[in-house]
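Take a look at the chain below. We start with one residue and then step back to the whole fold.

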Amino acid sequence: QVQLVESGGGLVHTGDSLRLSCAAPELTVSLYTMAWFRQAPGKDREFVASTPWGTDAVDAADSVKGRFTIARDNAKNTMHLEMNRLKPDDTAVYYCAAAYRLISRDPDFYYYWGQGTQVTVSS
């Protein structure tokens, strides 16, 4: 599989904003459902947000809806997660993922994955 590459994680304070980026050097992001998942220590991987292939629509988990937004930058063939009003509960490793012509919140349906980027939100 071709791997994705995340960047932009870091240590921030409650209420701060952060922008995560996902580079896709060997696939065209407009042809894939692109998504972000996160995983905290000792917990299962959790769906965060996605944008279906061929559209600019956004699906976001209730826990982040209204605070996070996801978008492709087709000109740069990248995908981004804009994170606002961050909370300590948002602390996790964040992964970008791509699914070929599928729409799902289930990580098992995603074929391409990045290595993850750590986001830590302090009180």
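Predicted model: local features only at pLDDT ≥ 70, side-chain atom pairs only at ≥ 80, totals over all residues.

T33 sits in strand β4, which covers residues 32–39. Is T33 buried or exposed? Its relative accessibility is 1%. Buried means under 20%, so T33 counts as buried.

## What surrounds T33

The side chain of T33 has a polar partner. One of its polar atoms lies 2.4 Å from the backbone oxygen of L102.

Which residues does T33 touch, leaving out those up to four places away in sequence? Among them are S50, T51, P52 and W53. R72 is on the list too.

## The whole fold

Now step back to the protein chain. It has 11 strands and 0 helices. From the N terminus on, the elements run β-β-β-β-β-β-β-β-β-β-β. The radius of gyration is 13 Å, close to the 14 Å that the globule rule gives for 123 residues, so the protein chain is as compact as a globular protein of that length. Along its principal axes, the C-alpha trace spans about 40 × 30 × 25 Å.

Residues 24 or more positions apart account for 58% of them.

Of the 123 residues of the protein chain, 46% count as buried. The protein chain exposes about 6400 Å². Carbon and sulfur atoms supply 50% of that area.

The protein chain has 12 positive and 14 negative side chains. The centres of the two sets lie 4 Å apart.

Note on methods. Residues numbered from 1 in each chain as written. Heavy atoms only, no water. Helix = DSSP H or I, 4+ residues; strand = E, 2+ residues; numbered from the N terminus. Rg over C-alpha atoms; globule rule 2.2 N^0.38 Å. Buried < 20%, exposed > 50% of the residue type's maximum accessible area, 1.4 Å probe, protein only. Contact = heavy atoms within 4.5 Å. Areas by Shrake-Rupley, 256 points an atom, 1.4 Å probe, with all protein chains shown as cover. Lys, Arg positive; Asp, Glu negative; His and termini not counted. Charge placed at Lys NZ, Arg CZ, Asp CG, Glu CD. Polar contact = N/O pair within 3.5 Å; in protein donor to acceptor, adjacent residues only side chain to side chain.
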